[in-house]
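Subject: A structure for you to explore

Hi there,

Here is the structure I promised to pass on to you. Have a look at it first, then read my notes below.

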Amino acid sequence: MRRYLARKILIYALTFFVAVSINWLIPRLMPGDPIRTMLSRGASGDEASMERMRAYYEQTFGLDEPAWQQYLNFWTSLARGDLGISVWLFPQPVTEILLSAVPYTLALLLPATLLSWVAGNRFGAFAARSKWLDNTLLPLGYVLTATPYMWLGILLAWGLGIVAGWFPTAGPYGFGSIPGWNWPFISDLVSHWFLPFASLFLVAFGGWAIGMRNMIIYELEAEYSTYLEALGAPRRLVRRYAFRNAVLPQLTGLAVQLGTIVAGALLTEIVFAYPGLGNLILEALNNRDFFLLQGAFLFIVVGVLIANFIVDVIYVVVDPRTRTQMQGSAA
Amino acid sequence: MSEMEPDVRAVQAAEGLPAQAGPPERRLGESLHFALRNPKLLIGGGVVGALLLTGLVAPLFVQEGPNVYVGPQAQAPSAQYWLGTTNFGQDVFAQFVFGLRSTFLVGLVGGGIAAVVGMVVGFTAGYRGGLVDEVLNMITNVVLVLPALVVLIIAAAYLQARGIALQGLFIGLTSWPWVARAVRAQTLSLATRDFVDLARLSGRRAHSIVFREIAPNMSSYLFMTFILLFGGAILIAAGLDFIGLGPTEGVSLGLMMHNAVTWGALQLGMWWWFVPPGLGITAIVGSLYIMNVGLDEVFNPKLREL
Amino acid sequence: MSLDVNDLAVYYRTLRGDVRALDGVSFSLADGEIMGLAGESGSGKSTLGKSLIRMDARMRHVAGTVRLDGAELPVADDARMVPFRFHQVSLVPQYAMSALNPTRRIGRMVRELVRSRGVDYAGVHPELLRRLELVGLDEQVLRRYPIELSGGMKQRVVMVVSTLLNPSLLIADEVTSALDVSTQRAVAEALAGFRDRGFVKSMVFVTHDLALVHQIADTIMVMYAGRPAEKASSRTIIEAPRHPYTRMLISSLPEVGVTFAGKRLQGIPGRPPGLLDPPPGCRFRDRCPLAFDKCAEQPPFAEVAPGHWAACWKAE
């Protein structure tokens, strides 16, 4: 078990290292002068602040220094939590901007991911081997998982928001609302949250349902299932065992799919102008704010790594095989 | 061909076919038999085929380019403009059919590159083993945890000019890891089989063993993998386009959605602008997935319903 | 008679038609009898074993009846078979290594299984421990996951679990084929011991290993191409077989004590007929040195001597 987790941590550390290096490398690899590229569509035309920005960038990039020195500097400032200064919201530090956006992204991502995983697994297991459900609702699952996240968001925003008028379609809360711990504000917050959450949930739900359906069919064909059936065990017991075994690969699937779901959350935020990391990425792109963009990238990578690690730990807890393999075989 | 025989037997063993399965031509016939009677495969394949044909043929009948301002602005679908026009008077139908083309192209390039990279890495890691395996495995795992779309955003943001093929290339280079893992696992299990041992003992070279003995035994699996990659590449491309990192020239379905949202199609109720592109993507990718289930049932006798 | 199988026919449905895996099988098993069921792969021996407890989806009961302890066993009806399974008929499967749910501790799995069959677990628990001890396992195994056990341990656990409710008939399906030679015999003898102690009344021991089975079985039935060829006491089958197929089988073994490995026999030229559309008459006819005109007619599986049945015109 310890070896299993140690290996995983090594992979995550390596991934982090690669991500940081990508961040450092890409602006330097791309053709042209990165500073010019960045400032070409920089914020307002205010000469003085442009000058300050240029000075800041030249100092930060330190392009006159040797490459290894630049690379080292990059890591040093990263270690201090310094991701640079935003162009878009100059002179706010990127870290600060990102930290204020993270709660919104998490508010969408965590419930949508967890609920869709649980519900999708239940539903997929339920539908498997029931001919009727298999032929009617599972194609729907395939359509859902094939739906681009933003398109479902657009449809929901249009149908339930603009046409039906049931939900607001933009922002974290209404313009008139004053943030506070009072009921009107919270309900406003929830009603703004609901549509982006629902569209994220639905697309992910389709994927989990199908994954579980396919997994459990294999588990029901597995030999431990056949043995139970030969001994006359009721279908309920066989299915319960199959479900439990099929959930394990679904847990691995959760780790593998995390990147896709995060991407989905970013896209959904953009549709609903929800002020999370996705929206920041869009603003960063529109304002050519590369510090902000790269900061967002690092934040997301770190988030995905942490989530992966949590999944690994859960996996060790639920799968006896990962725990026992390391103790050396008993006989 | 003298090497035919062991392959066939291995396929049967690998796929758990009953001993009565019979000679290879029968088996192929059997697959075809089930393929032609599999509604999932037929419907999925039909939809993909129809959309592909539309993407290939329909643009030939579009007089002007898809981005030319040809008609009245923001007009609902009509006999003249089947899918209406945009805020700027562009023909949505023209954009849609050209967009289909780009979508298939990006799926083909992205899915193809991912499949090739994934297979090469997977075969090498699985067959070579040892240190090579360790290193490739590590690389695979690292790329696997990196969120592809976000890496692509970073890379695309710095490009001045972006084309569809380049986009496909980038997508391919980030979405291969799970293929590599799956192919590696399958190679490991096949590499210990008798017929591979035989080939090895007879002094055949590694790449020849991989391509003539191992790969053919996984061909149905590899084909299904490619289909999934194809669909995945389309979705990633649509996401990139939607953020505004789509092709700088031309048109794509994701870009149409980007423009529709950017220019207020939702608020203006111009559903004809944002429904078709998303529907097109969903139809293609969804049909590919359903087709894949159908193929799985055809190739894997255990899943067939009697 | 403990088990009475009469004219049983079970076909496999395939695209090209029915494969007649079992075609008119009749035999009976006395109380306390261990019958070795031998034959090449494709002879129908495994199909017979499965048919007696649970047919898979592709198998179709075509004709024949099975009676167990005087009551009819509804082999064709999956649902009606359920009350018999585990209680009356049980199985030690070929895949004993992977028959246990990998994510459940063994004790809990047994408890859940037993309870699901309407049996009070507390009532059988002491017996479970006693029998585990009998096969050399301590109660610790109940707290382990299958992965923590060696192959032989899992095999023994499955044997104990399958027979826990003292079934009348036990089907042991190629139980030794996955084991190394030294444990094969121990497993076979343990099963014979189960019979001696009355854990099971009678047993069908499906195997391709004549040499092993003749050491523990009272009788041996040899099958060929979906039909029984010969059944007699183990001794008679080895020493004085009457069916030409059995004779060739025995003589093609360099000596008793060597297996014939499941594959096509090297010693007997030709191969069994396809069972998709088998020729009428004796199915061994094409390979039989003694074949004559009458063999175009199917020989009955007749008692040629007391306790000795053979399906051959020349076995008289």
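In strand β12 of chain C, C:Ala310 is the bridge partner of C:Glu230. Two strands count as paired if DSSP finds at least two bridges between them. Strands are DSSP runs of E with at least two residues, helices are runs of H or I with at least four, and both are numbered from the N terminus.

Before you go further, please note that this is a predicted model: local features need pLDDT of at least 70, side-chain atom pairs count only at pLDDT 80 or more, and totals for chains, interfaces and linings use all residues. Residues are numbered from 1 along each chain as its sequence is written, while chains are lettered from A and ligands numbered from 1 in the order in which they are written.

Back to the sheet in chain C. Eight strands form an open, mixed sheet in the order β6-β7-β8-β3-β9-β10-β12-β11. At its edges are β6 (89-92) and β11 (302-305) of chain C, each pairing on one side only. On average, neighbouring strands are turned by 25 degrees against each other, direction ignored. Helix α9 (residues 244-252) of chain C packs on this sheet and touches β9 (219-224) and β10 of chain C. The direction of α9(C) makes about 105 degrees with that of β9(C) (axes are lines fitted to C-alpha atoms, for helices over the stretch in contact, and angles run from 0 to 180 degrees between N-to-C directions).

Now to chain A. The axes of α7 (residues 149-163) and α10 (residues 235-271) of chain A come within 8 Å and cross at roughly 30 degrees. The two helices, α7(A) and α10(A), are therefore roughly parallel to each other (angles under 35 degrees count as roughly parallel, over 145 as roughly antiparallel, 65 to 115 as roughly perpendicular and the rest as oblique). Among the residues that meet are A:Tyr149 and A:Met150 in α7(A), and A:Leu267 and A:Val271 in α10(A).

How many residues of chain B are in contact with chain A? There are 41, and they touch 43 residues of chain A; contact means that the C-beta atoms, placed from the backbone, lie within 7 Å. Helix α13(B) gives the largest share of chain B's side, nine residues.

Enjoy exploring!

Terms used
Contact = placed C-beta atoms within 7 Å.
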